[in-house]
Amino acid sequence: MRVAVLGAGAWGTALASQAADEGHDTSIWDRDPVALARIRAGGTVQTFDDAVAAVAQRAIVVMVVPSEAIREAATRIAPALAPGAVLVCAAKGLEAGTRYTLDRVIHEAAPAAPVVLLSGPSFAREIAAGLPAAVVAASRDAAAADTVQKTLATDRFRIYTSDDVVGVALGGALKNVIAIAAGCSDGLGFGNNARAALITRGLHEIGRMATRMGGDPLTLSGLAGLGDLVLTCTGELSRNRQVGLALAAGEPLAAITTRLGQVAEGVGTAHIADELARELGVDTPIISQVAAVLAGRRSPRQAVADLLARHQGSERA
């Protein structure tokens with residue numbers, strides 16, 4: 001199979017290398033010549049500094065650019081896509097302004113191509129090291145999801161299919177926001193009990209939003225929901241958790257993002273998700289408090305105090 005990957009960050013490089021190792025004719029594009037030179041030295045993946053050339057005649061195009069660049073990238077490559085090519089989105093987030101899930105963004109930019117979301121608990125470093133993992137390929141086009149499963153799965157990288165695009169999209173986007181909260185809690189020394197409560201109640205918030213938008217709440221108990229949420233809230237490789245830990249230590253957000261040197265999608269997603277929840281009329285207190293902390297309207301300790309002061313009602317309310 002001819003596969004293209006857009007984005008040579010850690011996740012894009014891991015997916016491209018894995019596809020090439022499985023014998024697929026694989027190309028990768030990025031704006032960063034240093035990243036491309038590093039990949040070129042490996043010798044198994046073709047590198048391109050032109051996205052249009054990278055996707056030409058490719059059956060599967062995997063988009064691993066930051067969420068804010070998804071529309072621009074999809075618009076650029078749409079005219080060059082081969083007939084029947086499948087667009088795979090391995091980024092996680094929501095679009096600012098429209099508050100759309102990324103599958104909807106891609107469909108607007110490239111309406112002729114079926115869209116598949118690839119999401120689940122998957123630290124790029126572990127995938128690159130060949131460690132076992134399992135994720136979900138979600139699409140409204142069952143054949144497209146099957147194609148992605150058969151092409152990108154390996155004996156150590158399991159891919160399950162799903163038709164719940166909304167649930168998978170929101171699970172992948174919003175878990176990053178909850179992970180910032182979990183990092184703040186850990187950084188403040190609130191312990192394992194508090195982290196478990198945040199993960200559980202955070203999952204409840206994600207499920208409420210997904211249900212309101214037409215998703216299946218059961219999806220959130222799977223890999224793209226609970227699995228990804230637990231990993232991102234507890235794993236030492238989680239950039240979003242690291243943001244929360246640093247905020248709790250009093251480090252300014254600008255300094256944190258500069259020091260990390262990589263995108264922590266939860267930072268931008270928190271504000272968009274808070275706006276979306278208000279628009280939908282869904283109560284999401286954890287997401288709202290994270291947005292307030294990131295905007296400088298609350299300190300992490302004040303946010304926790306606000307959450308603890310909330311009315312204690314039914315767990316399922």
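1. Is Lys 175 buried or exposed in this predicted model? With a relative accessibility of 7%, Lys 175 counts as buried, because the cut-off for that class is under 20%. Its salt-bridge partner is Asp 228, and the closest N and O atoms of the two lie 3.6 Å apart. This pair joins distant parts of the chain, since Lys 175 belongs to helix α8 and Asp 228 to helix α10 (residues 223-234), 53 residues apart. Asp 228 also counts as buried, at 1% relative accessibility.

2. A second pair to inspect is Arg 31 and Glu 72, which form a salt bridge with a closest N to O distance of 3.0 Å. Arg 31 sits in the loop between β2 (25-29) and α2 (33-42), whereas Glu 72 is in helix α4 (residues 70-77), 41 residues apart. Arg 31 is exposed, at 54% relative accessible area, and Glu 72 is partly exposed, at 44%.

3. Glu 72 also meets Arg 76 in a salt bridge, at 3.2 Å from N to O. These two residues are separated by about one helical turn, because they are four residues apart in helix α4. Arg 76 is partly exposed, with a relative accessibility of 33%.

4. Across the whole structure, the search finds 18 salt bridges. Asp 186, Arg 195, Glu 236 and Arg 241 are linked in a network of such bridges.

5. The second largest pocket has a volume of about 870 Å³. Its lining comprises 30 residues, of which Arg 201, Ile 286, Leu 307, Leu 308 and Arg 310 are the closest to the centre. Helix α9 contributes the most to this lining, with seven residues. By class, the lining holds 17 nonpolar, seven polar and six charged residues.

Terms used
Residues numbered from 1 in each chain as written. Predicted model: local features only at pLDDT ≥ 70, side-chain atom pairs only at ≥ 80, totals over all residues. Heavy atoms only, no water. 1 Å grid on protein atoms, 1.4 Å probe; cavity = no way out; pocket = protein on both sides within 12 Å on 5 of 7 lines; lining within 4 Å. Points joined across faces, edges and corners; volume = space filled by probe spheres on them. Nonpolar A, V, L, I, M, F, W, Y, C, P; charged D, E, K, R; others polar. Salt bridge = Lys/Arg side-chain N within 4 Å of Asp/Glu carboxyl O. Buried < 20%, exposed > 50% of the residue type's maximum accessible area, 1.4 Å probe, protein only.
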